[in-house]
Amino acid sequence: MYSWIWRHLPGPLAVRLGELVVLLAAAVALLFLVVFPRVESLLPYSDVTVNQQPDTASPSP
Amino acid sequence: MTVVETAGNRLRWLLRGLGQLLITAGVVVLLFCVYELKVTNLYTEQQQKTLDTQLAREWAAPPPSPVGKPGQVHLAAFDDGAGIARIYLPTLGRDQVHVVVEGVTHEDLKKGPGHYPGTAVPGAVGNMVVSGHRTTYGAPFNRLDELHPGDAVVLETRTFFYTYRVTGTTIVSPDALGETDPVPNHPGQVATQRLLTLTTCNPKYSARTRLVVRALLEAPLAKGKGVVPPALQGR
C-alpha cells in the first residue's frame, strides 16, 4: 500500500518527501477534524448527565 | 517452479499489505487517544478563556435591571452555550475554576460544565443541576469523587458569591432523572432548600453509572471590592 503510494508520487526524491508530508498532514487533519469528533460522540464517557436511558448508546445530552 | 514462486510472492504481498493495514490501524487508534486526551482539552481551554473574558465583560457592564436579592439571575437572557457563572472547587486545588455554560448538549459540555435548563439558578430555592466531563474536554469534574461532606463549592455570579457545602455523594443509574427534581427524587414537591447538584460519568472512561454530588447553600455573599468568600481565601 505505502510502497504503491511512494511509487506513484511524481518528481525527484526531495519533492516526493514533501508530497509525503502533505499527504500525511491531510490524513491526520481528516481524522482530527472529521472522523474523531464523530466517533467520539458514539463513545460512552462523554455521557455525564442523568437524563439518559440506561441501555441506549445514544450520546444525546 | 515459477508457479510456486508466484504463489509465494502473492502470499508475501498479501501479508505485507495486511501488516501495513494493522500498523496503520494501530497508529490511528493511538492518534485517537491523543485527540481525546490532549486535543479536546486544548479546545475546552480555549473556549473557557473566551467564556471567562465574555463573563468578565458582561459583569463589568451595568446590570440589565436591578438585581438585589440572592438567587436572582436573569437566565432568560442567556443563550445555550453562553457562560452563566463561575464554579470553584477550592478543596480540589486553586486552579479548579470553570465557567458554567447554559445547556447540557454535547456541544455545550465541550465548552465546560453545563447547567440543566429549567433547574434552579445559582443561589435560588430549588435544585441547580450542573453536569461536566470527567475525562475529556478539560475534564472539569475529573476529581468530583474527592469531594467530601463539608467541602465548599462556590458559584460566582454577577452580583454574588454562593458558597455551597457538600452534603453527600451518590452513585446513580444514567436515567436517574429524579436527581434533577427541585426536591431530589420527590417529583412535584415544593422546594424549600437551596441545593446544588453536580453530576458526571462514573467510573472514569465509562458511562455505566453517574456520580452525583449534592451541596446545600451555606451563605450568599454580595460581591464588592476586595470581597472574597472564606472558602476562596488564600487562593
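Author: Happy to! Let us begin with a term: a residue is buried if 20 or more other C-beta atoms, placed from the backbone, lie within 10 Å of its own, exposed if 12 or fewer do, and partly exposed in between. By that count, 38% of the 235 residues of chain B are buried. Please keep in mind that this is a predicted model, in which local features need pLDDT of at least 70, side-chain atom pairs count only at pLDDT 80 or more, and totals for chains, interfaces and linings use all residues. Residues are numbered from 1 along each chain as its sequence is written, while chains are lettered from A and ligands numbered from 1 in the order in which they are written.

Now for the overall outline. Chain B has a radius of gyration, taken over C-alpha atoms, of 24 Å, whereas a compact globule of 235 residues would be near 18 Å (the rule is 2.2 Å times the number of residues to the power 0.38). Along the principal axes, its C-alpha atoms fill a box of roughly 95 × 40 × 35 Å.

Two helices and eight strands make up the elements of chain B, in the order α-β-β-α-β-β-β-β-β-β from the N terminus. These are DSSP runs numbered from the N terminus, with at least four residues (H or I) for a helix and at least two (E) for a strand.

S1(B) pairs antiparallel with S2(B) over five bridges, and Ile87(B) stands opposite His98(B) of S2(B). S1(B) also runs antiparallel to S5(B), joined by three bridges; here Arg86(B) faces Glu156(B). Strands count as paired if DSSP finds at least two bridges between them.

Ile87(B) also belongs to the largest nonpolar core, which has 42 residues, and is among those that touch the most other members, including Val154(B) and Tyr162(B). Such a core is a set of buried Ala, Val, Leu, Ile, Met, Phe, Trp, Tyr and Cys residues joined through C-beta atoms within 7 Å. Helix H1 (2-60), strand S1 (83-88) and strand S6 (160-172) of chain B are among the elements that each supply at least two residues of this core.

Leaving aside residues up to four places away in sequence, Tyr162(B) touches Pro122(B), Gly123(B), Val154(B), Leu155(B), Leu217(B) and Pro220(B), contact meaning C-beta atoms, placed from the backbone, within 7 Å.

Terms used. Two residues are in contact if their C-beta atoms, placed from the backbone, lie within 7 Å.
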